[in-house]
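Me: Could you take a close look at one part of this model for me? I'd like a connected walk through a single interface.

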Amino acid sequence: MLNMPARRTDGAGPARPASGPDLEALLGRILPLVWVAALLLAIAFPLMAMLGRAFLAADGGFVGLAHFAEVAGSPGLVRAALNSFAVSAAATLVVVPLAFGFAFALTRTATWGRGVFRQVALLPLLAPSLMPAISLVYLFGNQGLLKDWVGGSVYGFWGVLAGEVFYTFPHAFLILATALAASDARLAEAARVLGAGPVRRFFSVTLPAARYGLVSAALVVFTLVVTDFGVPKVVGGDFNVLAVEAFKQVIGQQNFERGAVVGLMLLVPALLTFGVERRLARRQAAALSARAVPFAPSRRRGVDLAAFAGLTLVSFAIVSLLAVGVAASLLAYWPYDLSFTLAHYDFSGVDGGGWSAYVNSLTLATASALVGAPLVFLGAYWTEKLKAAAGVAPVLRAFALLPMAVPGLVLGLGYVFFFNHPANPLRGLYGGMALMAVCTVAHFYTTAHLTAATALKQLDAEFEAVAASLKVPFWVTLYRVTLPVCTPALIDVARFFFVSAMTTVSALIFLYSPDSSVAAVALVTMDDAGDTAAAAAMATLIVATSAAVSLALSALEGAVSRRKARWKSR
Amino acid sequence: MTLNTLAAAVGLALAATAAQAATLTVYTALEADQIKPYKEAFEKANPDVELRFVRESTGIITAKLLSEKNNPKADVVWGLAATSLQVLADQGMLQPYAPKSLASITPAFRDRANPPRWVGMDVWAATICFNTVEAAKKGLPKPQSWMDLTRPVYKDQIVMPHPASSGTGFLDVSAWLQMFGDKKGWDYMDKLHVNMAQYVHSGSKPCKMAAAGEYPIGISFEYRGAQLKEKGAPIDLVFPKEGLGWDLEATAIVKGTKQLAAAQRLADFAASRPAMELYEKNYAVLAMPGVAKPNPLLPANYEKQLVKNDFTWAARHRDAILKEWSRRYESKAEAK
Amino acid sequence: MKPDDAFLSAAPHLAVAGLSRRYGAFTALDDVSLAIRKGEFVCLLGPSGCGKTTLLRLVAGLDTPDAGRVLAHGADITRLPPARRDYGIVFQSYALFPNLSVADNIAYGLTPRRERARHRERVRELLELVGLPGAEDKYPAALSGGQQQRVALARALATSPGLLLLDEPLSALDARVRDKLRDELKRLQKKLGVTTLMVTHDQAEALAIADRVVVMNAGRIEQVGTPSEIYRQPASRFVAEFVGEANWLAARRVADDVVEVGSHRLVLGQALPAGDAFSLFVRPEDVLVRERWQAAPNTLLARVADVAFAGALTRLKLAPEGMPGVTLTAELCPSMLSRQTVVPGQIVPVALPAERLIAYPEGARC
């Protein structure tokens with residue numbers, strides 16, 4: 001019946017003659033190096049260029065710390081640094097407890113509509129940071145709807161704070177929700193059995209279990225605010241911050257050396273928090289036991305009602321900030337003519353590039369998603385799965401984490417210094433959409449990489465070994481097995497790139513040329529020119545597009561998952 | 001042989017196409033809503049030349065041009081403050097050229113050198129946009145002069161453009177210094193600073209903010225004010241009685257351009273009568289006399305109200321003025 | 001016939017020589033040598049971390065040794081990538097491709113891919129062979145653990161490899177399924193004659209299935225032998241403890257083949273190793289309970305401390321007189337018990353046959 005084994009075992013034995021060079025091993029060694037080189041070019045070299053620029057004079061001579069001394073001696077910049085620190089610290093103090101409360105209510109109570117509340121909490125991710133700022137002006141500006149609710153002017157510290165709280169809320173929420181969801185329900189139960197009251201349980205079990213999440217969220221919020229430039233640009237008024245200062249120095253005064261110094265000042269806190277955050281992440285992973293039991297909250301009417309009220313309040317604030325922006329774009333002439341109009345969506349009379357900027361944004365976002373997702377996925381595949389790449393994998397992994405430590409503004413500055421350098425052969429790319437797509441993918445590489453790597457780690461570690469034993473090259477297994485199984489993660493990454501590319505301003509503001517302006521940058525320009533309604537219209541377009549594409553990709557993911565369910569059906 | 005001929009033919013054809021599709025990079029600080037008709041008019045008259053505009057506010061375009069001094073990217077500057085162009089001229093960055101219609105340009109509105117390094121287009125001048133509705137609510141009197149703006153009643157009610165980024169902002173500062181003299185000028189701005197709610201990025205924004213009632217008083221320029229008033233914004237245009245600071249929008253060819261011929265054609269067009277007729281739609285005082293028509297929103301003696309403006313002086317002192325301004329008002333922005 | 005064919009067929013089917021592998025400060029494999037004959041079923045047995053999986057992965061080319069060589073038919077394949085070697089492999093996790101049907105999983109390594117009809121036939125044969133006929137169109141998730149492992153086995157055999165590597169293939173299965181599949185695996189291996197190297201930490205499994213067992217500990221080979229050699233003559237104290245049950249008695253040297261345990265002298269079947277203090281090893285089934293006292297060497301009296309019924313046999317706990325603190329476990333088969341009844345508290349004569357006693361030098365216990 002089975003004669004083939006007999007024939008084969010008569011053969012040469014467990015070694016097949018080598019035939020030609022081993023393409024698989026060769027590719028396995030080269031491909032990861034290509035990725036390392038790409039990341040060097042897209043991240044490390046621009047950073048180094050910026051570093052160099054901070055120590056060089058305009059004509060190229062080394063000046064040591066002269067630029068730093070100049071900055072330290074200029075009261076405007078020192079004031080901006082202090083302001084940046086103050087508003088970042090304040091935003092952290094507001095956002096972290098708020099997001100913790102929100103996440104706590106979602107994960108630890110059985111309140112109603114938790115799925116909806118979760119989506120609402122993530123809504124700000126769809127909007128550029130300028131949007132809440134514009135809405136704040138419409139709400140609390142001198143002609144604001146609710147002007148009387150606030151004592152002073154929205155322009156300045158308080159306005160920036162409010163805008164940043166909106167902008168950073170989902171980031172803190174995601175981290176804290178994960179931390180709270182992951183903590184072990186058995187500990188809480190044990191504490192309850194031991195007779196600890198709810199307050200004591202909270203402080204002795206819940207809070208300590210989430211402490212890494214809390215610190216991590218605080219660091220992330222702080223860095224986001226320090227490096228954000230959209231909110232202070234719109235509602236900062238005379239409240240100057242470092243991020244806006246970097247923009248003013250480089251774009252406004254073409255003072256690249258000072259811009260580089262300010263960029264470095266922004267990079268330092270980001271690098272510090274990144275280091276602390278990574279360390280914590282490792283400790284947290286070690287602290288979590290794999291056998292932890294997820295917490296399943298039970299119905300407690302009073303608690304649930306209170307949670308519902310709190311969630312509603314925060315959600316209402318989030319939705320209103322978005323809704324006001326949308327509404328503002330549809331009103332003829334705030335506050336004197338409140339009739340409905342679509343005129344603000346005709347961008348021909350305003351600066352910033354109008355519809356062509358929007359089309360550019362779509363192109364950029366699509367390109368970033370279509371190019372970035374496969375690129376990141378393959379990069380993660382090399383680090384996680386490719387045995388031949390084992391030597392290069394740690395290097396590639398380190399480079400994949402680096403972008404998280406680099407604020408977009410700093411990356412954009414680095415691109416100016418590196419890609420616009422007269423000696424750079426890639427100089428032709430400067431000002432083009434291609435480089436902007438590269439910058440976007442590089443800027444958001446880490447989060448995408450971690451998503452892809454997590455998905456890959458969930459696959460059986462022996463797929464590649466089995467395939468190798470069957471003499472099937474890795475690219476066949478990648479195509480036939482790994483990719484199909486990881487499609488949902490791939491779609492996730494694509495969606496992340498698309499939305500990020502639609503909403504980001506910080507890096508692109510240094511890279512666009514008149515032909516390649518994008519919607520989020522146009523927002524800045526329009527606001528600069530005082531065309532607030534047009535800016536609101538553009539912001540609305542961005543949010544609507546991000547939301548539509550997110551929904552479409554979610555639907556696609558759902559369809560893929562249903563196909564997957566076929567494999568999983570018993 | 002045939003191959004060579006063919007290659008030559010192809011080369012010629014390519015050269016022809018290249019000539020046909022000459023693209024000029026034009027740096028400008030014109031208002032966004034003005035560029036389109038200007039561009040269309042030029043390209044209609046010169047179908048073989050395409051214009052690629054890089055638009056930023058006056059300060060940014062000036063800084064950009066200066067930083068690109070050794071490696072210029074612009075071919076022509078069309079619509080930048082004469083003060084800024086004078087700075088560039090002083091640095092030897094502009095290509096002198098006498099456009100065909102130079103003879104019919106008012107001598108005061110062109111570079112004094114011959115051939116001129118820049119030629120004026122039109123005048124834009126300081127104007128206060130005053131929101132009557134909000135002023136009535138707040139009981140603010142309508143200011144009549146620059147000095148009025150320092151009255152305590154206007155505290156935190158005024159916005160003006162930042163002189164470093166905005167040409168309008170700079171012409172205000174420059175005019176105050178030239179009108180009142182150095183010491184009195186800075187004293188005036190010290191007092192004005194006390195009443196200032198914000199310094200904003202662009203020259204249009206203060207008037208737009210005033211029009212939207214965000215702040216009742218915006219120091220801006222007459223084109224934006226007239227346009228917003230026409231659109232129905234509840235604003236009055238105030239022309240302070242001490243005189244109006246002004247600057248010229250002007251044209252210049254960047255030295256070192258590889259498209260000198262095309263650039264000169266654009267310079268010719270920018271100073272021509274058809275172009276002046278386009279400028280006329282936006283501005284009341286033009287570099288070519290006899291084209292302008294009276295604007296009902298502007299006073300009849302508008303041109304007389306313009307202060308004396310010495311471009312050479314302004315250009316020489318631009319850097320120092322901005323530094324001093326920044327020292328006085330930017331670093332202390334919080335400490336008011 | 002080429003001249004060196006004779007040499008090749010004389011060389012073992014697979015051999016490793018002086019193989020070492022370190023991970024940082026940890027030595028996973030320390031100078032290991034082993035030869036496997038063609039058609040043999042060899043089990044690598046040991047506790048976790050003993051190096052058995054490392055050895056398997058080195059043979060498979062999934063890892064590279066720091067020193068030593070892997071030889072196939074005498075040819076050095078140490079540095080060859082897995083795809084240039086000739087083996088099929090089955091993992092504890094099955095590693096079935098979840099998005100491919102059973103048929104596609106099994107046909108995964110069959111080339112060229114366009115010969116679908118031939119592959120279909122081959123898949124049918126293999127599914128019949130592993131006892132899953134007709135499962136072609138199912139997906140792995142629809143199969144039980146045992147069924148999935150059968151598919152994984154079929155996939156590993158599909159290309160008719162010269163060597164089958166099994167990495168704890170049965171460890172994830174329920175006890176009952178495990179025993180059944182173990183027997184089938186053995187039958188299949190004999191039928192196909194495929195040389196097989198299996199890693200397991202389950203000594204019963206290794207003894208039941210293997211032609212030869214390689215007991216490993218701390219990166220080294222402790223003993224290589226047939227299951228009965230391993231069980232009957234453990235080469236080291238580690239092997240004796242790891243494989244099967246044993247009684248251990250502290251003993252002192254009296255003569256070359258005589259030791260003293262408590263106040264008793266026991267004679268051994270062979271000379272003692274060097275040293276004065278020993279641990280004396282005796283399997284529970286070798287502790288013989290006599291019907292009546294008969295003065296003979298190696299016979300003593302013991303009080304029955306406990307009687308535990310364990311199905312096929314009965315387990316006694318005995319406290320020998322003259323050996324304070326010592327408990328001997330004895331396993332009696334029912335036929336012996338039918339002749340005499342044993343109750344706790346009773347004193348019975350016990351014999352410890354000299355040839356069943358093995359003395360190991362007293363050292364650090366594992």
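How many residue pairs are in polar contact across the interface of chain A and chain B?

Reply: A word on ground rules: this is a predicted model, where local features need pLDDT of at least 70, side-chain atom pairs count only at pLDDT 80 or more, and totals for chains, interfaces and linings use all residues. Residues are numbered from 1 along each chain as its sequence is written, chains are lettered from A in the order in which they are written, and side-chain values use heavy atoms, with hydrogens and water left out.

To your question: the rule finds 14 residue pairs in polar contact between chain A and chain B, both residues at pLDDT 80 or more (N or O atoms within 3.5 Å; within protein, one able to donate a hydrogen and the other to accept it, with residues adjacent in sequence counting only if both atoms are side-chain atoms). On chain A's side, α4 (75-108), α12 (242-252) and α22 (519-528) each supply at least two residues that touch chain B (helices being DSSP runs of H or I, at least four residues, numbered from the N terminus). α4(A) gives the most, with 4 residues. By class, that side has 14 nonpolar, 14 polar and 10 charged residues (Ala, Val, Leu, Ile, Met, Phe, Trp, Tyr, Cys and Pro count as nonpolar, Asp, Glu, Lys and Arg as charged, the others, Gly among them, as polar).

Salt bridges turn up too: the rule finds 4 across this interface (a Lys or Arg side-chain nitrogen within 4 Å of an Asp or Glu carboxyl oxygen). A:Asp351 and B:Arg55 form a salt bridge through their side chains, at 2.4 Å, N to O.
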